[in-house]
Amino acid sequence: MELLGHVVLSGDVECLTGLHIGDEGALEIGGVNGPVVKTPTKGHPYIPGSSIKGKMRSLLEWDEGLVESDGKPHTCEGDAAVECPVCRVFGTPAETDAETGPTRLSVRDAFPRDETIEQWNDQNTSLPYTEVKTENTINRITAQANLRDNERVPKGSRFGYELIYGVYDLDDGGRPDLDHLATVERALFLLEDSSLGGNGSRGYGKVEFHEDEYKVRTSADYRSGDKDGRSAETLEEVGEILGVE
């Protein structure tokens, strides 16, 4: 097994509706019942990489018909994992007997762009950086309304995201890994037509990924200390840089 290089996908993820990724452990005096996750230093909302990656994997399992009856994440055993797009891209548990090598996809936490922070500072809302969405449920017998508050990241907010995808040669020239880069793109596409975070069925969490070009760093680049890498616009160009036919 040999590492051929990494492909970096980066750009902006834009909130097309309010976004709620909850922080169940947060206790805020005078805060709302459903706070969003924030940085501990400046209190800015952000999108955890685990939220993006987890939803990408879940949607891809549905799209591939690989959802397990027990509801747990899909995983293959043995040689089947090498051919499985989910296992090859997202990895398998350490105790699984699978010769797939390391997890191919890493997803960084996505932090707000400077323009978005300025937008938050200028907005007229009851909370800094966010908005409060008040909803209610109706008791079917008494017709009594039960109010609840959810904190949301406002529509129009943008966060900088970064995905790092490893391309390995498992004595197969690295072609399967390169081809599965398209699987990563498909998972992002599926996410755009689904929702990120909580309350998606009630209108929250519609996002759009604005991608830059691929940035490719080969194993030779790491050995030489070349941090710039090379840009590519297509999978074919990525393959040429990595030496994958």
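Gly5 stands opposite Thr218 in strand 8, where strand 1 (2-15) and strand 8 pair in the antiparallel sense over four bridges. This is a predicted model, in which local features need pLDDT of at least 70 and side-chain atom pairs count only at pLDDT 80 or more, while totals for chains, interfaces and linings use all residues. Residues are numbered from 1 along each chain as its sequence is written, and side-chain values use heavy atoms, with hydrogens and water left out. Helices (H or I, at least four residues) and strands (E, at least two) are DSSP runs, numbered from the N terminus.

**Strand pairing**

- Two strands are said to pair if DSSP finds at least two bridges between them.
- Strand 8 covers residues 214-218, and three bridges join strand 8 to strand 9 (residues 230-232) in an antiparallel arrangement.
- In that pairing, Lys215 stands opposite Ser231 in strand 9.
- In a regular strand the side chains alternate between the two faces of the sheet.
- Strand 8 has a covered face with Tyr214, Val216 and Thr218, and an uncovered face with Lys215 and Arg217.
- Strand 4 (residues 131-138) and strand 5 (residues 145-152) run antiparallel and are joined by eight bridges.
- Thr134 stands opposite Asp149 in strand 5.
- Strand 4 and strand 5 form a hairpin with six residues between them, and Ala143 in the turn has a positive phi of about 65 degrees.

**Packing of helix 1 and helix 6**

- Helix 1 (residues 49-64) packs with helix 6 (residues 181-192) at an angle of about 95 degrees, their axes being 9 Å apart.
- Helix 1 is therefore roughly perpendicular to helix 6; angles under 35 degrees count as roughly parallel, over 145 as roughly antiparallel, 65 to 115 as roughly perpendicular and the rest as oblique.
- Axes here are lines fitted to C-alpha atoms, for helices over the stretch in contact, and angles run from 0 to 180 degrees between N-to-C directions.
- From helix 1, Ile52, Lys55, Met56, Leu59, Leu60, Asp63 and Glu64 meet Thr183, Val184, Arg186, Ala187, Leu188, Leu190 and Leu191 of helix 6 (contact means heavy atoms within 4.5 Å).
- The residues of this contact of helix 1 with helix 6 divide into nine nonpolar, one polar and four charged; Ala, Val, Leu, Ile, Met, Phe, Trp, Tyr, Cys and Pro count as nonpolar, Asp, Glu, Lys and Arg as charged, and the others, Gly among them, as polar.

**Helices with a buried side**

- Buried means under 20% relative accessible area, exposed over 50% and partly exposed in between, with a 1.4 Å probe and protein chains only.
- Thr116, Ile117 and Trp120 are buried in helix 4 (residues 114-122).
- Seen down the axis of helix 4, these buried residues fall within an arc of 100 degrees, so they line one face of the helix; the arc is that of the directions from the helix axis to the C-beta atoms.
- The buried residues of helix 4 pack against strand 3 (111-112) and strand 6 (158-169).
- Asp114, Glu115 and Asp122 are exposed on the face of helix 4 turned away from its buried side.
- In helix 8 (residues 235-242), the buried residues are Val238, Gly239, Ile241 and Leu242.
- Strand 1, strand 6, helix 5, strand 8 and strand 9 are included in what covers the buried residues of helix 8.
- The face of helix 8 turned away from its buried side carries the exposed residues Glu236 and Glu240.

**Individual buried residues**

- Ala81 lies in helix 2 (residues 80-83) and counts as buried at 0% relative accessibility.
- Ala81 touches Cys76, Cys87, Arg88, Thr92, Ala98 and Thr100, not counting residues up to four places away in sequence.
- The C-alpha atoms of Ala81 and Glu99 are separated by 7.3 Å, although these residues are 18 residues apart along the chain.
- Thr39, in the loop between strand 1 and helix 1, counts as buried at 15% relative accessibility.
- Thr39 touches His44, Tyr46 and Phe111, not counting residues up to four places away in sequence.

**Positive phi values**

- Most residues other than glycine have a negative phi.
- Tyr129, in the loop between helix 4 and strand 4, has a positive phi near 75 degrees and is buried, with a relative accessible area of 19%.
- Asp171, in the loop between strand 6 and helix 5 (175-179), has a positive phi near 60 degrees and counts as exposed at 76% relative accessibility.
- Gly243, which follows helix 8, has a positive phi near 80 degrees.
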